[in-house]
Amino acid sequence: MKKRMMLYFGSFNPIHKGHVALAEYVVGKGLCDEVALIISPQSPYKQSMMLAPETDRFEMAEMACKASKYPEQIRPSVVEFLLPRPSYTIDTLNYLEEVCGNQMEFSILMGADQLDRLDGWKDYRRILEYPIWVYPRKGESLPDRFRTKIHLLEDAPLQDFSSTEVRGCVERGEDTSRMLCKEVADYIRKKGLWSISSQIVAINARLDAEPENVELLLQRGQLHYRRNDWGAALNDFNKILKIDPRHREAHQFAELVQEILSFRYKDIYNP
């Protein structure tokens with residue numbers, strides 16, 4: 001008898017308690033024998049600049065899975081690290097069928113937000129040939145065109161936070177204990193992931209190769225702005241305006257910085 005393997009695709013940037021709770025739920029309900037968290041090295045829908053290094057994301061996923069209720073049945077996979085990039089779900093499925101199809105039958109676990117744009121995925125009709133288990137997102141409805149093709153997990157555990165919110169809390173130095181297991185939180189702190197300083201260091205490395213990359217300059221300027229480093233922020237925004245005088249966002253940020261500086265430093269005794 002083939003092993004029933006449910007594939008949970010995602011960047012897991014970082015993995016949080018919501019991810020693990022869903023994996024535990026499908027195992028506990030007997031919907032599969034095992035769950036493989038497929039760590040995506042690069043998603044066609046996400047900027048790689050915002051992703052932590054894939055090895056870090058895998059290590060955090062490994063820690064979170066080991067701390068789960070079913071550490072032998074919930075494990076991360078590096079399969080997409082071995083495939084051409086960017087990673088497309090159908091390519092991964094084709095590879096797994098070729099390599100493991102004799103021993104496993106596959107299903108897919110995904111969020112309702114992914115289902116909403118599924119018809120934009122590569123060979124999405126072939127993906128719909130697999131059993132797809134969908135967990136709803138708070139405040140989001142399922143697209144009617146796919147209702148007959150999927151299985152809705154109506155009573156799945158839902159968390160009121162996302163990886164984006166986790167990263168924001170990390171950046172601001174806020175408590176993440178309700179969102180992250182201790183091992184993952186400690187790893188993030190030790191490695192300095194998603195801190196403003198680490199983001200600036202990463203952007204600096206890329207700007208060394210692309211000194212006039214407007215997108216990178218804007219990201220760095222915004223990071224400087226968020227930590228009140230007004231001079232460095234203004235330098236980045238002004239550099240953008242030299243490259244592209246019509247850049248609307250750089251204009252807006254430059255004006256904001258100038259207003260802040262003129263308000264705070266308005267006399268010769270407080271330069």
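A residue counts as buried when its relative accessible area is under 20%, as exposed when that area is over 50%, and as partly exposed in between. In this predicted model, Asp123 counts as partly exposed because its relative accessibility is 39%. Asp123 is located in the loop between helix 4 (112-116) and helix 5, and its phi is near 50°, a positive value in a residue other than glycine. Trp194 also has a positive phi, of about 65°, although it is not a glycine. Its setting is the loop between helix 7 and helix 8 (196-209), and with a relative accessible area of 8% Trp194 is buried. Most residues other than glycine have a negative phi, and most peptide bonds are trans.

Two cis peptide bonds may be considered next. One joins Asn13 and Pro14, with omega about 10°; Pro14 belongs to the loop between strand 1 and helix 1. The other runs from Arg85 to Pro86, with omega near 0°, and Pro86 is placed in the loop between strand 3 (74-77) and helix 3.

The chain as a whole contains 11 helices and six strands. Its C-alpha trace spans about 80 × 35 × 35 Å along the principal axes, and 47% of its 271 residues count as buried. Among contacts in the chain with a separation of 6 or more, 65% are between residues 24 or more positions apart.

The largest nonpolar core comprises 40 residues, and Ile15 and Val35 have the most contacts inside it. Elements that give two or more residues to this core include strand 1, strand 2 (34-39), helix 2 (54-66) and helix 6 (163-172), while helix 1 supplies the largest share, six residues. Leaving aside neighbours within four places in sequence, Ile15 is in contact with Val20, Leu37, Met60, Ala61, Ala64, Leu180 and Val184. A second, separate core of 26 residues includes Phe106, Trp121, Ile127 and Leu142.

Not counting residues up to four places away in sequence, His19 touches Tyr8, Phe12, Pro14 and Ser163. The C-alpha atoms of His19 and Ser163 are separated by 9.5 Å, although the two residues are 144 residues apart along the chain. Glu24 is likewise placed in helix 1 (residues 17-28). Glu24 is buried yet has no salt bridge. The nearest side chain of opposite charge, that of Lys69, is 4.6 Å away, so it falls outside the 4 Å limit for a salt bridge. Beyond neighbours within four places in sequence, Glu24 is in contact with Ser68, Lys69, Tyr70 and Ile74.

Helix 3 (residues 89-100) has 12 residues and reaches 16 Å from its first C-alpha to its last, close to the 16 Å expected at 1.5 Å a residue. Its buried residues are Thr89, Ile90, Thr92, Leu93, Leu96 and Cys100. Seen down the helix axis, these buried residues fall within an arc of 155°, so they line one face of helix 3. An α-helix has 3.6 residues a turn, so residues three or four places apart point the same way. The cover over the buried residues of helix 3 includes strand 1 (3-10), strand 4 (104-111) and helix 5 (124-127).

His247 counts as buried because its relative accessibility is 16%. Apart from residues up to four places away in sequence, His247 touches Val214, Leu218, Ile240 and Leu241.

Conventions
Residues numbered from 1 in each chain as written. Predicted model: local features only at pLDDT ≥ 70, side-chain atom pairs only at ≥ 80, totals over all residues. Heavy atoms only, no water. Helix = DSSP H or I, 4+ residues; strand = E, 2+ residues; numbered from the N terminus. Buried < 20%, exposed > 50% of the residue type's maximum accessible area, 1.4 Å probe, protein only. Lys, Arg positive; Asp, Glu negative; His and termini not counted. Contact = heavy atoms within 4.5 Å. Expected span 1.5 Å × (residues − 1). Arc of directions from axis to C-beta. Core = buried A, V, L, I, M, F, W, Y, C linked by side-chain atoms within 4.5 Å.
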